[in-house]
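Subject: Structure handover

Hello,

Please find the structure below. My notes on it follow.

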Amino acid sequence: EKLLIQHVYGWVPFNENCVNAPSANALADTPGYKTTINTYIDLQYKPPGVFNPYVELIHSENYLGMNAYAFSIDDAVGNMNEVGDGLIIAVGGVKGLANGKPFDKSKVIHVNLGAPQPGRPTWTAYGICSNKPDQNLNPGQLTFNIYTVDYPCRMVIVDSKQREYTFWIKNAPPDPKINCTSSSRLDWCNALHVKKDEHDAWYIETQDPPK
């Protein structure tokens with residue numbers, strides 16, 4: 001009974017005694033997953049606090065009003081698994097934060113860089129809403145994410161020959177648009193592809209760097 005309560009409240013898969021745990025029983029692969037999520041969220045929020053008062057404490061505008069982790073379905077929000085460069089503590093509101101906008105996972109854009117061909121230049125760095133590439137890419141890293149930012153947003157990507165590839169993202173999802181007017185490499189920019197997958201996630205896909 002204790003185990004059952006832990007799984008129901010935590011919204012986690014039953015992986016006990018699974019050969020390939022923890023991937024053997026992924027929740028997202030369970031038939032009826034989306035419908036069950038909506039029912040589960042209704043239990044959490046309508047009316048708030050009945051099923052788990054902690055959720056109301058974290059999310060309700062009457063209390064903390066946070067978008068971060070409150071129960072396991074929210075894990076993609078509270079645990080983004082992104083590299084940080086420090087901790088900012090703001091007391092009494094968002095004043096003092098470099099970005100005062102709350103994280104919204106529906107606004108995330110995933111950038112997939114074209115895989116370099118053997119013997120050709122590789123991708124080395126990128127910048128988000130910046131005039132310079134201030135984020136290094138590890139060897140073989142071909143993906144980075146754009147979270148809640150101000151639009152229009154200038155993107156800059158650099159290859160191992162120190163060549164810059166730039167474009168503007170005009171607006172946030174849904175349906176983000178690309179502007180190549182001032183791009184440093186027009187042909188490359190015009191080949192950018194924007195798409196949405198079956199999970200309503202947005203992607204910008206690029207070509208590989210030329211010779």
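The structure holds two disulfides, a disulfide being a pair of cysteine sulfur atoms within 2.5 Å. This is a predicted model, in which local features need pLDDT of at least 70 and side-chain atom pairs count only at pLDDT 80 or more, while totals for chains, interfaces and linings use all residues. Residues are numbered from 1 along each chain as its sequence is written, and side-chain values use heavy atoms, with hydrogens and water left out.

Strands here are DSSP runs (E, at least two residues), numbered from the N terminus. The torsion about the S-S bond of C129 and C153 is about -120°, so the disulfide is left-handed.

C129 counts as partly exposed because its relative accessibility is 35%, whereas C153, at 0%, counts as buried. Buried means under 20% relative accessible area, exposed over 50%, and partly exposed in between (1.4 Å probe, protein chains only).

C180 and C189 form a disulfide with sulfur atoms 1.9 Å apart. Their link is left-handed too, with -85° about the S-S bond. C180 is buried at 12% relative accessibility, and C189 is buried at 1%.

There is also an open sheet of four strands, in the order β4-β1-β9-β8, with mixed pairing. Two strands pair if DSSP finds at least two bridges between them. The edge strands, β4 (143-146) and β8 (193-196), each pair on one side only. Strand β1 (residues 109-112) runs antiparallel to β4, joined by four bridges, and V111 stands opposite F144 in β4.

Regards
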